[in-house]
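Have a look at the model below before reading on. The notes after it walk through a few spots worth checking by eye.

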Amino acid sequence: MLSLRGIDKSFGPVVALEGVDLDVHAHEVVALVGDNAAGKSTLAKVVAGVLSPDAGLIEMAGRPVTIGSAAQARALGIATVFQELALCDNLDVVQNLFLGQELRRGRGLDEEAMEDRAREILRDLTSRIPSVRTPLAVLSAGQRQTVAIARTLLGSPRVVVLDEPTASLSVAQTAEVLTHIESLRNLGHGVILISHNMGDVRAVADRIEVLRHGRNNGSFPAAAVSYEEVVAAITGASRPRAVAG
Amino acid sequence: MRRGNTTPGTPTSLREANRGRIVDAVKRFGGLTQVELAAATGLSTATVSTIVRELLDAGVVETHATSRSGRRAVKVTMARRLGLVAGVEVGPRALRVALGDLTLSVVADQTMPLPSDHRSDTTLDRAALLVVDLLDRVGAELDELLAIGLAMPGPVDSATGEVTVRGVLRGWDDLHVGQVLSKRLARPVHVDKDANLAALAEHDLGAAREHHDSVYVRVGHTTSAGLVLGDRLHRGYAGTAGEIGHVQVDPAGPVCRCGNRGCLDTVVGAQALLGSLRSSHGDLTLRDLIAHAGEGDPGCRRVVADAGRAVGEVVAGLVTVLNPQVVVVGGELARTGDVLLDPLRTAILTHAIPGRLAPVEVVPAALGDRAEVLGALALARQQTDVQHAHLLRHGHGDDALSGTGSGAGSGPRSGAGLGEGDDVGHPGTQRADGGAHESEAS
Ligand SMILES: Nc1ncnc2c1ncn2[C@@H]1O[C@H](COP(=O)(O)OP(=O)(O)O)[C@@H](O)[C@H]1O
Ligand SMILES: [Mg+2]
Ligand SMILES: [Zn+2]
């Protein structure tokens, strides 16, 4: 569905991405793994339209596209949850979900419609947040991640990108977020899951793509690959088999 | 339900409906403050407060102080009658944890996807942490937890929880799973295989509720069965009763992980099914296979249907020997519905001894993928009942025990408790006394 080919991105002298390829299909969770500074977040930002690549080709559903801005990404059906969640503590769940994309009715806001939609999305995710009017400040880290994921679902996206969604979560919160990721796949979305927790990745991913120093360094079916094989690709102890495309 | 004999629209029926909404919300979220309850149900805080007071008086709910995520709050939870039990299911790709009270209610639950070949130490750590988190979610302390039932994906030695058929979970052989989890939580842990516990749950609460003799067939990553005979779980001398995955179906077939040759699992186990699709469909997971079969993919449907027939032929033998009233079909592949069930049923009816008086019924499981964890809760309750039988006869009406009592599975060898069980009898006993009055009003 979403296909990236030969993506380059440098920050001055720092080469963050070099000739990176990535594909995501509907009903699929692709994990993007790699050591710190491997270029994972940079790639997420390219997909999200926050950074524009220096070179490379992006296709959505077979058609070449340019993702020049976050709004364009959203219009193409790509939704991203960044590592820094960008939620407002003083606002409640509904307000956070609809921030910048409020539903209107006449000249005012359609609070009722927004609440209904918020409940519906949280239910689809089997979320445990009891009230959509809870201020974000009182939610746990796991529930905040849930709100951030729920927010991506508003525009009925085709691809959801999650950057380190389980970092700094407790086991129970991680369980919730991993369950949400399974829900996203069951709802038919393509998911790009960025993480360096190999257990979480192997639990929910269909495919694992390794980045190392800004380059592809291996692609594995998640059900068949061992923990050690992935780690070897991350550290560079193993090289990808020479397959082009 | 209770609403049946009141007229819709009258104040009474409205109050009943609002009560129902509040109870449903409390069950769904485990524990909620009154403000959260108002938001979750759309009722005013005044209405919530009135109804919560009524439910408290009736012993249906309780309030508990918690300090979840750093905040102090008073949460409304379902009444726990005498204490809580936990059910844990360790599966090949998921961990499921539920908390229940000594009635049949589940007060909180959580699932966690697991990687393939997950490690025993990490997974049991996670199980322990999830139990603690669920307790916290309903405002309970660890000492309110009377026992834990644990479902494992293979036959286990009931004394230690060791999986007795090798290779069921890679890296879990030789591990005394019950003792390991028991050390982590300092509570007694009772272990049995998933198919037995699912059979128990379907007998107590599900598709075999009306029957004394039932066979539960679990078709998933591997195939096994749980046998309930005369309302009791039949585990066999060493706990391997019902291991139909290791019935030989092809004397010249491939060698099975158990060491024998041509076992049913070498033909219908996940590896075999996915292997037969590899050249046509590429690398699939069991979940993909189930999804594609559901969407009508002919190759995937064919593979599931053939598996149904092969399983049915083996189950036919069981039906002839044991003469159950019902065969309940569950496990991951049962999610494909009739794709699996129809050929499985046909094979049973074709090959089992024809029962002219009452042919065996072959029905889908009623509890779906929650059967195992509900069975684990039932096992924990039973073992607690055994320990506290005298007390329960005393201070407690029969309602709280309906369906979990001395019925199915409480045979002498059924999930016999671990050594630690005796040590923790006392806290449970004290709580049982304290909680006894709550049952009167319910
Ligand atoms: N805005 C930026 N300006 C300069 N360098 C950056 C910027 N963003 C990322 N980098 C650099 O690009 C490399 C890849 O970073 P990043 O994509 O965040 O890695 P990861 O998410 O895999 O840890 C790092 O060397 C990082 O320092
Ligand atoms: Mg990053
Ligand atoms: Zn075998």
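This is a predicted model: local features need pLDDT of at least 70, side-chain atom pairs count only at pLDDT 80 or more; totals for chains, interfaces and linings use all residues.

## The zinc site in chain B

Let's start with the zinc ion (ligand 3). Four residues hold on to it: B:H246 through ND1, and B:C256, B:C258 and B:C263 through SG, at 2.0 to 2.3 Å. The angles among the 4 donor atoms run from 106 to 124°, and the site is tetrahedral. For reference, the ideal angle for four tetrahedral donors is 109.5 degrees.

Along the sequence, the donor residues follow the pattern H-x9-C-x1-C-x4-C. B:H246 and B:C263 sit 17 residues apart, both in the loop between strand 11 (232–234) and helix 7 (264–268) of chain B. How accessible are these two? B:H246 counts as buried because its relative accessibility is 18%, under the 20% cut-off.

## The shell around ligand 1

Over in chain A, ligand 1 has quite a few neighbours. Its surroundings include A:F11, A:V14 and A:A16, then the run A:D35, A:N36, A:A37, A:A38, A:G39, A:K40, A:S41 and A:T42. By class, that shell is made up of 5 nonpolar, 4 polar and 2 charged residues. Strand 2 (14–24) and helix 1 (40–47) of chain A each bring in at least two of the shell residues, and helix 1 gives the largest share, with 3 residues.

Which residues make polar contacts with oxygen atoms of ligand 1? One of them is A:A37, where a backbone N or O atom is 2.7 Å from a ligand oxygen. A:A38 also uses its backbone, with a polar atom 3.2 Å from an oxygen of ligand 1. A:S41 uses its side chain instead, placing an N or O atom 2.9 Å from a ligand oxygen. As for cover, ligand 1 taken alone exposes 570 Å², and the protein buries 59% of that.

Finally, find A:T179 in helix 6 (residues 171–186) of chain A. Is A:T179 buried or exposed? A:T179 counts as buried, because its relative accessibility of 18% falls under the 20% cut-off.

Technical notes:
Residues are numbered from 1 along each chain as its sequence is written. Chains are lettered from A and ligands numbered from 1 in the order in which they are written. Side-chain values use heavy atoms; hydrogens and water are left out. Donors are N, O and S atoms within 2.8 Å of the metal (3.2 Å for Na, K and Ca); water is not among the atoms, so sites may look incomplete. Four donors count as tetrahedral if all angles lie between 85 and 135 degrees; four count as square planar and six as octahedral if opposite donors are over 155 degrees apart and all others between 65 and 115; anything else is irregular. Helices (H or I, at least four residues) and strands (E, at least two) are DSSP runs, numbered from the N terminus. Buried means under 20% relative accessible area, exposed over 50%, partly exposed in between (1.4 Å probe, protein chains only). A residue is near a molecule or strand if one of its heavy atoms lies within 4 Å of it. A polar contact is a pair of N or O atoms within 3.5 Å; within protein, one must be able to donate a hydrogen and the other to accept it, and residues adjacent in sequence count only if both atoms are side-chain atoms. Accessible areas come from the Shrake-Rupley method with a 1.4 Å probe; for residues, only the protein chains shown count as cover. Ala, Val, Leu, Ile, Met, Phe, Trp, Tyr, Cys and Pro count as nonpolar, Asp, Glu, Lys and Arg as charged, and the others, Gly among them, as polar.
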